[in-house]
Amino acid sequence: MTFWLYRYSQLEDRPNILSEGLWRRASVAGASSPLERRAFGIADDIYEAGLLFAYLAFVPFCEAGVMDSISLRRLLENTFQLDLQAAREYCSADDRLLEAVKFLDLGDGAGWELLQAMLNRDYRGRPIAEAVVNHRFLSGTFL
């Protein structure tokens, strides 16, 4: 996961080798203006933070060796194409993953709600960092 500081001067037509992939994905997603590209870059970081959140929710709560970061990413992105309700149903049927499901189910599914928002397919629908930090799952307001 890479966090970037996005400046308008970096968003011009002089792509740097480290950001070429990011700007290519931004263009595919429809972000063409400097402001849209900046928003895409920030949302991309939120997406990656969502994958980290999923990792932190699954790996400690699963049986040892059952889940790793690559397997989890493939499960969410490829197998379930970011449909977290379907992923939840699948994981709840596997006893080795059940504790992670229970953890994300806290607060009437607050963990799944946050994860779905952070992994929203449309970058425009992802929350900003402040909204993530203040989400009821992370703030504990559901307790």
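Rings of Phe, Tyr and Trp (its six-membered ring) pair if their centres lie within 6.5 Å; planes under 30 degrees apart count as stacked, over 60 as edge-to-face and the rest as tilted. The model is predicted: local features need pLDDT of at least 70, side-chain atom pairs count only at pLDDT 80 or more, and totals for chains, interfaces and linings use all residues. Residues are numbered from 1 along each chain as its sequence is written, and side-chain values use heavy atoms, without hydrogens and water.

**Exercise 1.** Find which residues the ring pairs link into a cluster.

*Solution.* Ring pairs join F53, F61, F103 and F137.

**Exercise 2.** Classify the pair F40 and Y123 by its ring geometry.

*Solution.* In one of them, the ring centres of F40 and Y123 are 5.2 Å apart. Their planes stand at 75 degrees, so the pair is edge-to-face. Next, check burial (buried is under 20% relative accessible area, exposed over 50%, partly exposed in between; 1.4 Å probe, protein chains only). F40 is at 6%, so F40 is buried. Y123 is at 7%, so Y123 is buried.

**Exercise 3.** Decide whether D44 is buried or exposed, then find its side-chain partner.

*Solution.* The relative accessible area of D44 is 12%, so D44 is buried. Now look for a polar contact (N or O atoms within 3.5 Å; within protein, one must be able to donate a hydrogen and the other to accept it, and residues adjacent in sequence count only if both atoms are side-chain atoms). The D44 side chain makes one with the side chain of R25, at 2.9 Å.
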